[in-house]
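I opened the model today to look up a few things. My notes follow.

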Amino acid sequence: MADHAGDIFTEPEADPDTLRNLGPLRRMAGLWEGMKSLDVNLGPNGPRRQVYHERIALQPMDPQTNGPQLLYGLHYVARMVKPGAVATYHHQTGYWLWEPATETVIHTLTIPRGQTAMAIGHAAADATRFELRAERGSTVNGICSLPFLELAFRTESFRIEVTLNPDGTWSYDEDTVLMVRGRPEPFHHTDRNTLTRIEDPTPNPRMRRP
Ligand code: HEM
């Protein structure tokens, strides 16, 4: 993050056109689908592998300021469904944020298991691959879980790598490291998918320049 030790109140001027200011996140804006997936999750008798169908909407949000800090970003909602099923078996929402001044990417995620995390990484504005991390116990890129998860499935870390592919698709590869009660070894709950755009993003029509 930038060193804002001086003036912490004066806000910079933001460009209302979010899509022009998303750095490496620009290529992720829109509505996407993917079936080239693999989820490795925990079962009572060992790892379970599951293909899933994903639909993720990443829509531009209006610029945000924290005093001198300026953030552009996308709000997202993701739904993962087992092939042929109706129920969403993994639901996730949050933001992908970009701070141009420090070339920082921030990913917030909330899942209805009762868990929330914030992962941070650095990338150039034209990067086609970047990695973010969250660590249990950190107050800036941390993980917060409800008491049962802390007791039985303690999440130690979360890492996500994003690749923007030359054909316009993008892929992620993520690793959530869990300590399962009664098991000495960490468990790598991994997920990956490749997403194909099915609709362009929808900017806020009221934020257009006159
Ligand atoms: C595509 C993404 C993901 C899918 C499809 C998915 C799916 C699953 C499934 C099927 C389970 C086992 C459920 C059970 O037997 O109770 C599970 C467990 C778990 N997942 Fe994920 N997951 C995903 C991403 C994540 C992420 C990003 C996190 C956190 C950063 C996370 C945290 C957990 C935790 C803590 C558990 C253990 C809780 C439990 O088993 O009850 N998952 N996940």
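I count a residue as near a molecule if its C-beta atom, placed from the backbone, lies within 6 Å of it. The model is predicted.

Ligand shell. I looked up which residues come nearest to the ligand. Of the 21 residues around the ligand, these are Asp 39, Asn 41, His 90, Phe 153 and Asp 191. Next I sorted the shell by class: eleven residues are nonpolar, six polar and four charged. Then I checked the strands. At least two shell residues come from each of S2 (38-43), S6 (88-99), S7 (104-111), S8 (115-122), S11 (153-164), S12 (170-180) and S13 (187-199).

Nonpolar core. I turned to the largest nonpolar core, which has 31 residues. Those with the most contacts inside this core are Leu 25, Met 28, Leu 58, Leu 74, Trp 96, Ala 117 and Ala 119. Strands S4 (53-66), S5 (69-81), S6, S7, S8, S9 (129-135) and S11 each supply at least two residues of this core. S5 gives the largest share, five residues.

I followed up on Ala 119. Leaving out residues up to four places away in sequence, Ala 119 touches His 107, Leu 132, Arg 133, Ala 134, Asn 141, Phe 158 and Ile 160.

Pro 147. I found Pro 147 in helix H1, residues 147-152. Is Pro 147 buried or exposed? Pro 147 counts as exposed because it has 8 C-beta neighbours inside 10 Å, and the cut-off for exposed is 12 or fewer. I also checked Pro 147 against Gln 115, 32 residues apart along the chain. Their C-alpha atoms are separated by 9.9 Å.

Technical notes: Residues numbered from 1 in each chain as written. Predicted model: local features only at pLDDT ≥ 70, side-chain atom pairs only at ≥ 80, totals over all residues. Helix = DSSP H or I, 4+ residues; strand = E, 2+ residues; numbered from the N terminus. Nonpolar A, V, L, I, M, F, W, Y, C, P; charged D, E, K, R; others polar. Buried ≥ 20, exposed ≤ 12 C-beta atoms within 10 Å, placed from the backbone. Core = buried A, V, L, I, M, F, W, Y, C linked by C-beta atoms within 7 Å. Contact = placed C-beta atoms within 7 Å.
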